[in-house]
Amino acid sequence: MAGSSLLSKSDRRVMYGMVGVPTLLHVGLVWIPAIATILLSFTNWNGFRFDTMKFVGLQNYIQLFTVFEKDLYEALLNNLWVLVFLFLVATPMGILIAYLLDKNLRGTAFYQSLFYFPVVLSLAVVGFIWKSVIYSPRQGVLNVILGRTAEGDQISWLGDSSFLIPLGDYGLSKNFLALIAPMVWRHVGYIMVLYLAGLKSVDPSMKEAAAIDGASEWQLFRQVIFPSLKPVNVVIMVITVIEALRIFDIIDVLNNPVGTDVLSILVTESILGESSNVGRGSAYGVILLLSCLLFVVWYLRNEFRGLEEE
Amino acid sequence: MTNASYPSPKEWDRLVRGKNVSRRSMLKGSAAAGAVVAGSSFLAACGSDDTEAGTEGGGSIEPGNASGALTIGSNLSDDTPKAALAAVVAAFPNSDVELSINTTDHNTFQENINTILQAGEDDVLTWFAGFRNKFFADQGLLGDISDVWSSISGLGEGFKAASTASDGKQYFVPAFYYTWAINNSKKLWSEKGYTEPKTWDELLGLADDMAAGGITPFAMANDGKWPQMGMFDILNMRTNGYDFHVDLMGGTESWTDDRVRQVFTNWEQLLPYSQEGGNGRTWQEAATDMENGTVGMYLLGTFAASNSDAMAEDMDFFNFPEIDSAIGSSALDAPIDGYQMVASPANAEAAKEFLLYISTAEAQDAYLGVDPSVVASNSGADTSVYNDLQRKSADLANAATGIAQFLDRDTIPDFASACGDVIAEFIEDPSKIDGLLADLDEKKTAIFADFGSS
């Protein structure tokens with residue numbers, strides 16, 4: 001009775017609505033599909049009629065690691081490459097640019113728009129632009145600049161799947177690196193905007209205090225600004241990991257050249273293809289889910305440990 | 001005839017299929033529709049009911065009765081074929097049917113066909129004959145159009161066979177086909193005095209001549225991982241014959257067989273003569289190279305001519321030469337394109353009328369008037385307007401002892417894409433082929449087992 005006296009009827013209705021609707025959406029759009037994917041990964045089903053669905057136990061997983069293992073390992077490694085490049089190249093570049101632009105340079109708005117421009121385009125469009133304008137063997141910008149447009153002398157940017165960095169039977173293929181370049185190009189702008197917003201909120205008096213104490217530019221960034229932007233750093237890290245794991249569109253519109261499989265491509269190829277193999281596609285999906293969970297668990301553990309220390 | 005006086009799609013479905021035509025629905029139908037409309041459509045519906053129960057093959061289609069909206073889902077996304085379909089639609093004689101074309105990019109369409117078939121947005125879809133059509137018909141995703149077939153004339157038995165699914169009913173209407181052959185530029189060839197090779201040795205000799213003259217003998221494109229499937233098909237049919245090719249596609253032969261290995265050994269001989277970096281080149285880019293005279297030969301469908309007007313003028317082709325004289329050179333890829341109907345179209349009557357129209361010489365003439373890179377399936381089509389390429393294609397197909405539909409149409413699509421990967425890796429690094437084929441054979445076993453059991 002005490003509870004109901006605190007909240008009026010309409011308050012409670014609002015409360016239920018605000019808690020209930022997102023919960024329903026979350027359960028309906030995240031949990032149910034995720035659980036259905038896990039269940040489907042133990043079946044053999046062509047996606048047409050339910051009566052043709054068959055329970056096959058672990059068969060799909062066994063096949064992934066014995067028959068389709070090359071596709072799987074290549075995809076896992078490629079997802080990892082995207083993560084590495086976004087993390088070690090795109091993110092620091094975005095932060096650096098944001099840091100420089102925060103210094104109220106002349107024409108800063110112009111530079112901001114310039115770097116942010118790729119983010120406005122979808123990665124699919126970015127892919128088309130890079131494929132036809134930059135990578136085309138005969139008339140692409142790169143080969144024209146390098147003077148390699150003659151027949152027999154062209155560099156095939158998207159067609160060369162030999163390894164730049166070999167790791168046993170797998171590695172970083174040259175054409176996958178060519179696909180990572182536009183991803184990085186776009187990600188830099190994304191990070192820049194996020195970081196720029198964060199930098200605006202840094203208390204200027206802290207910077208002044210550090211300057212008076214005689215801190216160098218690097219010390220100022222490393223000791224004062226970076227730690228005070230912890231919430232932004234966390235957002236950037238999460239976004240980078242998610243971008244790396246969900247990468248799909250650019251590879252798909254470039255017709256998935258040999259050597260450029262990633263997990264989401266294997267999922268869609270198995271399920272969206274003409275003869276869908278829902279079971280195998282779901283098994284790929286579960287592996288993608290596990291990769292995400294790995295990161296989430298690691299991240300949450302760090303967060304909780306941080307809280308305990310505080 | 002307005003939409004208001006038109007029976008609902010559901011009623012139509014019942015009427016046309018002859019299911020549950022109760023007295024009540026008949027009364028409802030005639031009450032809703034104007035007397036004349038209802039009368040004529042009723043005769044047609046009753047007709048189809050009778051024949052379905054009696055003779056095999058269903059009833060027939062009475063053109064001119066349909067009305068309402070009809071959406072054609074089209075994968076003809078390149079400019080020329082797109083304009084050609086628009087011409088076909090414009091020439092559709094029944095003005096009561098509002099036709100609209102819903103075009104999707106070719107590759108996207110193919111990958112999403114499952115969704116498209118079940119989305120219910122389109123009534124009629126562009127598609128491929130043979131295995132690919134049968135596959136969806138067997139899943140119950142396509143509408144039976146045997147009644148359309150009983151009204152069709154001018155299409156041979158081969159076309160009917162390529163349109164028939166496992167249940168013996170037809171689910172496809174062939175519109176046109178094209179042949180795969182070695183294309184070349186007339187200008188370049190007459191300038192240099194090249195002549196058509198008839199044997200494998202002559203082909204290699206010609207390639208030597210071209211290479212010595214500073215011309216890359218073979219164009220190679222493989223963006224999308226399908227163009228080089230054509231090379232595998234033809235080399236396999238020349239090396240091992242049509243029957244082996246069909247068995248290999250059907251999953252009953254092993255990919256680790258020496259005969260398959262021989263195909264790749266032969267192919268390896270061509271690779272030094274081919275453009276490098278094929279996996280990163282679109283077929284259009286390679287066609288432009290042929291047009292510019294930097295490459296001498298280009299194995300591709302005759303649609304290569306649709307790359308540009310200049311190409312359409314300048315292109316010629318010849319049949320892939322014989323490799324083994326015991327096998328000869330009369331088999332080839334000649335994929336048939338056409339139309340199929342979704343299982344429950346919104347406007348079944350208009351859909352069937354359109355499908356019947358597509359099979360006619362008039363519709364095919366309208367198409368070929370815009371896109372002369374294909375050959376009409378209807379024997380009544382106007383061959384006097386054929387250019388040399390079309391006449392040659394028709395001659396090739398008519399003389400063929402075996403016609404394959406192309407690798408990605410002749411086998412389980414899932415498996416075809418696995419083959420596509422192997423081929424793409426092979427042209428980049430032929431030394432990997434043994435491992436690739438062993439892997440592919442494992443995938444074949446897994447994919448065919450999944451396919452058979454579900």
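A polar contact is a pair of N or O atoms within 3.5 Å; within protein, one atom must be able to donate a hydrogen and the other to accept it, and residues adjacent in sequence count only if both atoms are side-chain atoms. Between chain A and chain B there are 16 residue pairs in polar contact, both residues being at pLDDT 80 or more. The structure is a predicted model. This briefing covers the interface, the salt bridges, and some individual residues and helices.

**The interface of chain A and chain B**

- Chain A contributes 41 residues to the contact, and chain B contributes 46 residues.
- About 3,500 Å² of area is buried between chain A and chain B, and carbon and sulfur atoms give 40% of that area.
- Alongside the 16 residue pairs in polar contact, the interface of chain A and chain B holds six salt bridges.
- On the side of chain A that touches chain B, at least two residues each come from helix 3 (59–66), helix 4 (69–101) and helix 13 (263–272) of chain A.
- Helix 3 of chain A gives the largest share of that side, three residues.
- By type, the residues of the side of chain A that touches chain B are 11 nonpolar, 19 polar and 11 charged.

**Salt bridges between the chains**

- Asp439(B) and Lys70(A) form a salt bridge, with their closest N and O atoms 3.4 Å apart.
- This pair joins two chains, because Asp439(B) lies in helix 22 (residues 433–453) of chain B and Lys70(A) in helix 4 of chain A.
- Lys131(A) forms a salt bridge with Asp223(B), and the closest N and O atoms are 3.0 Å apart.
- That pair also crosses between chains: Lys131(A) is in helix 6 (residues 123–134) of chain A, and Asp223(B) is in the loop between strand 6 (216–218) and helix 12 (229–240) of chain B.
- Lys131(A) counts as buried at 17% relative accessibility, and Asp223(B) counts as buried at 12%.
- A salt bridge also links the side chains of Arg280(A) and Asp414(B), at 3.6 Å from N to O.

**Salt bridges within a chain**

- Over all chains, a search of the whole structure finds 25 salt bridges.
- In chain B, the side chains of Arg132(B) and Asp408(B) meet in a salt bridge of 3.6 Å, N to O.
- Arg132(B) lies in helix 7 (residues 131–138) of chain B and Asp408(B) in helix 20 (residues 407–410) of chain B, so the pair ties together parts that are 276 residues apart in sequence.
- Arg132(B) is buried at 1% relative accessibility, and Asp408(B) is buried with a relative accessible area of 13%.
- In chain A, a network of salt bridges links Asp102(A), Lys200(A) and Lys207(A).

**Chain A as a whole**

- Chain A has 14 helices and four strands.
- The C-alpha trace of chain A spans about 80 × 70 × 35 Å along its principal axes.
- Of the 310 residues in chain A, 42% are buried.
- Among contacts in chain A between residues at least 6 apart in sequence, 64% join residues at least 24 apart.

- Asn175(A) is in helix 8 (residues 174–200) of chain A and is buried, with a relative accessible area of 1%.
- Beyond its neighbours within four places in sequence, Asn175(A) is in contact with several residues, including Trp157(A), Asp160(A), Pro257(A) and Thr260(A).
- Glu303(A) belongs to helix 14 (residues 278–309) of chain A and is partly exposed, with a relative accessible area of 30%.
- The C-alpha atoms of Glu303(A) and Val241(A) are separated by 16 Å, and the two residues are 62 residues apart along the chain.

**Helix 13 of chain B**

- In helix 13 (residues 242–249) of chain B, the residues Phe244(B), His245(B), Leu248(B) and Met249(B) are buried.
- Seen down the axis of helix 13 of chain B, its buried residues fall within an arc of 130°, so they line one face of the helix.
- In general, an α-helix has 3.6 residues a turn, so residues three or four places apart point the same way.
- Gly251(B), which follows helix 13 of chain B, has a positive phi, near 85°.

Methods. Residues are numbered from 1 along each chain as its sequence is written. Chains are lettered from A and ligands numbered from 1 in the order in which they are written. Side-chain values use heavy atoms; hydrogens and water are left out. Contact means heavy atoms within 4.5 Å. Buried area is the accessible area (1.4 Å probe) that two parts lose on being put together, summed over both. A salt bridge is a side-chain nitrogen of Lys or Arg within 4 Å of a carboxyl oxygen of Asp or Glu. Ala, Val, Leu, Ile, Met, Phe, Trp, Tyr, Cys and Pro count as nonpolar, Asp, Glu, Lys and Arg as charged, and the others, Gly among them, as polar. Buried means under 20% relative accessible area, exposed over 50%, partly exposed in between (1.4 Å probe, protein chains only). The arc is that of the directions from the helix axis to the C-beta atoms.
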